[in-house]
Amino acid sequence: MRQLPLISRRVAAAAVGVVLVAGAAACGPEGNSGDAKSGGAGGKPQKGGTLTVLNSQPQEDFDPARLYTSGGGNVPSLVFRTLTTRNRENGEAGAKVVPDLATDLGKPSKNATVWTYTLKEGLTYEDGTKITSADIKYGIERSFAAELSGGAPYLRDWLVGGEDYEGPYKGGKGLDSIETPDDRTIVFHLKKPEGEFPYLATQTQFAPVPKAKDKGTKYEEHPVSSGPYKVVQNTGDGERLVLERNPHWSEKTDKERHAYPDRIDVKSGLDSAVINQRLSTGSGADAAAVTTDTNLGPAELAQVGSDKELAGRVGTGHFGYTNYLAFNPKVKPFDNPKVRQAIAYAVNRTSVVNAAGGSSLAEPATTYLPNQKSFGHTPYDHFPAGRTGNPEKAKELLKQAGYDDGLTITLTHSTAKDFETSPEIASAIQDGLKKAGITVRLQGLEDNDYKEKVHSVKDEPGLFLAHWGADWPSGGPFLAPIFDGRQIVKDGYNFNSAQLDEKSVNDEIDAINKLTDLDAAAKRWGALDKKIGEQALTVPLFHPVYKRVFGKDVKNVVISDWTGVLDISQVAVK
Amino acid sequence: MTGYILRRVGGAFLVLLVLTVVVYAFFYLAPGDPARLACGQRCNPQQIAQVREQLALDDPVHVQYWHFLQGLVAGHDYSTGTGVLHCDAPCFGLSYRNDQQVTELITQRVPVTASLAFGAMALWLLLGVGTGLLAALRRGGVTERVLTAVTLAGTATPVFIIGLLLLMVFCAQLQWLPFPTYVPLAEDPEQWAWNMLLPWTALALIESAKYARMTRSSVLETLAEDHIRTFRAYGVGERALVGRHALRGALPPVIALTAIDLGTMFGNAVLTETLFGLPGLGQLLVQSVRVIDLPVIVGVVLVTGAAVVLANIVADILYAVTDRRVALT
């Protein structure tokens, strides 16, 4: 699951944001519509110049084996090409998967357990050497090594023999379920049908790594580029990353990336308020700057609302992501469906949305799946709470559950200021439930402690704030980790918080996974979401919206529904 | 004096050793499993066990601590998967998160924090001592009141407010200065200074207040002493009195405080570095605490701890050198 970049990291930043707009924050961001879906400065995009990226989080990992980013990530995708990639187009069209190093999306066997890919001709690394299928196999194999842990878990779960394989560093053994009959062909043997394998092949683990150049944990200092840019500087543990053109990259084999700028200069470790101020001001090199991880906050959006020029430089995007209330039905009183339903009815989503930054930054959710077609979104609202909650209905259900005099429960949340599982959201829930006679005690835990507890089958609290983001824009990676009973992890990080292990659900997940028609699969995921929703195992709260400002000289802004943020590979600064 | 210094240095090593024990103790008492974090979001128990083994977290705490001490004295060899990486003494170990040498990470960042601390120190001395002197000489007047108010406001305002206001005014509005980006001194001294000017100013505005107050009271105290009155009676000019005597009397406490502040600056640079985007030790510490990266945490704590301890020793020595009434034994 990709982490949602933080809206604001510091109390300081929030405080300063308030200072910046001198009281305008009270108005909130409602009504702002500074969208720039395909805007930017006028004129035809041209090659040349330097694009600056101002980020708060450093690019600490730059090894393709270690990265866990949806669709190959934004900056990493400039250096690492993969078998398939995301379609670099605005909005819904951008949620499609398209070929990258491969000639097509892969040829599945009849039951989708064997996938065969053919590499395009003329593919080379930054040093001019040929990219072969063996390099892709090796790149995947090394991602199994404990030394390079951190990537997405699917390869381990899907490939035959993946669960026991420890990578090529121990005994030099390869993974038999990946075959390379010739330099341009690679075949994957899976344990069970997986119609969404082309989506998985967008992950950076599918980037080629030449075995002779592998330096294990040191490889990330200078990974060998297969993309349009190569790394010329990576210092301060990813604080500063400078990319320059890879002279051996050819746009003839890469229809997805444009590679307009000559140089990309990524500067990280900046305060979010400063990033937004710098991009808004846009002086000097900042005129040709963007951010890939910093949202505008409520206070800054108020500032945008009064500045038309600035509003034209704000990109709006949606990344498949849901923030929700999670129940552990093994803990009383949440073992009673009526109690869970009562809470679902009592939630005041307007308060929650405001606590998350306002309607410009969060859209109320009643479905678990994000509201985009690619996920198979099927509208439903099984426990209609309206905009501000339905306390009467909640009280009625509590009575039926035997709690005539109300109920006292504990809500666990993180103390991190992330506007997701933070105290602000917890307080908004607390206020809403109070009207239904439910007294909520808040239990704020330090962020690492919170993560340990809510993901532990043994210590999982009865009710907590949770969130889930898309590994790719489909219902599969959204529903399976959370509701597939076979994915309950007893001693590790468990995400099936309801610990649901229902045969009908598991069987339907398997049946949909067999489909290679992704549109047909999307419809079934939506139907499954609606069915699971009836059990009130979660209370969907909101889907976040990304609002990001970019510099005056930035052209060709493309924001897809896959990433929800401006795609660096499309940006021009001339 | 030599004996005193040797004893203090010996004591400093002991303090640093205790510091490492405390960090280790806090680390193992605090919630969160570094192996889980290093392994990634969705690891199975088998994988977490592999990572734990690779990070040597399976060893008992005292064994891990012993290996750390050994590394400090004799260095250490680590596997990178494809080969062996030798970490020279003093080896603080490898970062849990990405196996980078902690020494390397710290070495990259010390110049940034040092640039911040020394530059800010020069400015706060200039501002603080100058203001203090002026306030003393204009005692009871409007100048003194204004200076006192300004310095008090400086002390009371947090660095992220002053820093952001400076950024807003000088970078965003007037556009006289660039938004700071750290440029190494050796690479381009002019750009280094130009980019550090705002962080220095922000820190100097905050720190200079206490120097102003200290200088003011020291100068006033000295000017009220008998020998100054005698000098005056002999017709020694005000300028000479202030320059040769009053300022000299004010110097020892200012110098001692400067040394201590400089030391603590290494540990207190977190907010300033974050606000101005300076990749220094403060930022590294924050990132490491977030991902429970013990080797980096211990490394940074040791380096900043050493800076504080060293600063205290230097402060004591400077005090003795500048004020002959103090004897170090």
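1. Chain A contains an open sheet of four strands, ordered β4-β5-β7-β6 and paired in the antiparallel sense, where strands are DSSP runs of E of at least two residues, helices are runs of H or I of at least four residues, both are numbered from the N terminus, and two strands count as paired if DSSP finds at least two bridges between them. The edge strands, each pairing on one side only, are β4 (107-108) and β6 (178-182) of chain A.

2. The model is predicted, with local features needing pLDDT of at least 70 and side-chain atom pairs counting only at pLDDT 80 or more, while totals for chains, interfaces and linings use all residues. Residues are numbered from 1 along each chain as its sequence is written, chains are lettered from A and ligands numbered from 1 in the order in which they are written, and side-chain values use heavy atoms, with hydrogens and water left out.

3. Between the chains, 56 residues of chain B are in contact with 62 residues of chain A, contact meaning heavy atoms within 4.5 Å. Together the two chains bury about 4,900 Å², 50% of it on carbon and sulfur atoms, the buried area being the accessible area (1.4 Å probe) lost on putting two parts together, summed over both.

4. Chain B and chain A are joined by six salt bridges, each a side-chain nitrogen of Lys or Arg within 4 Å of a carboxyl oxygen of Asp or Glu. One of them links Glu60(A) with Arg97(B), whose closest N and O atoms are 3.7 Å apart.

5. As to confidence, the predictor gives the complex an ipTM of 0.84 and a pTM of 0.88. Chain A has a mean pLDDT (the predictor's confidence in each residue, from 0 to 100) of 90, and 93% of its residues reach 70 or more. Over residues 2-39 of chain A, however, the pLDDT is below 50, although this stretch has 99 contacts in the model beyond near neighbours in sequence. For chain B the mean is 86, and 98% of residues reach 70 or more.
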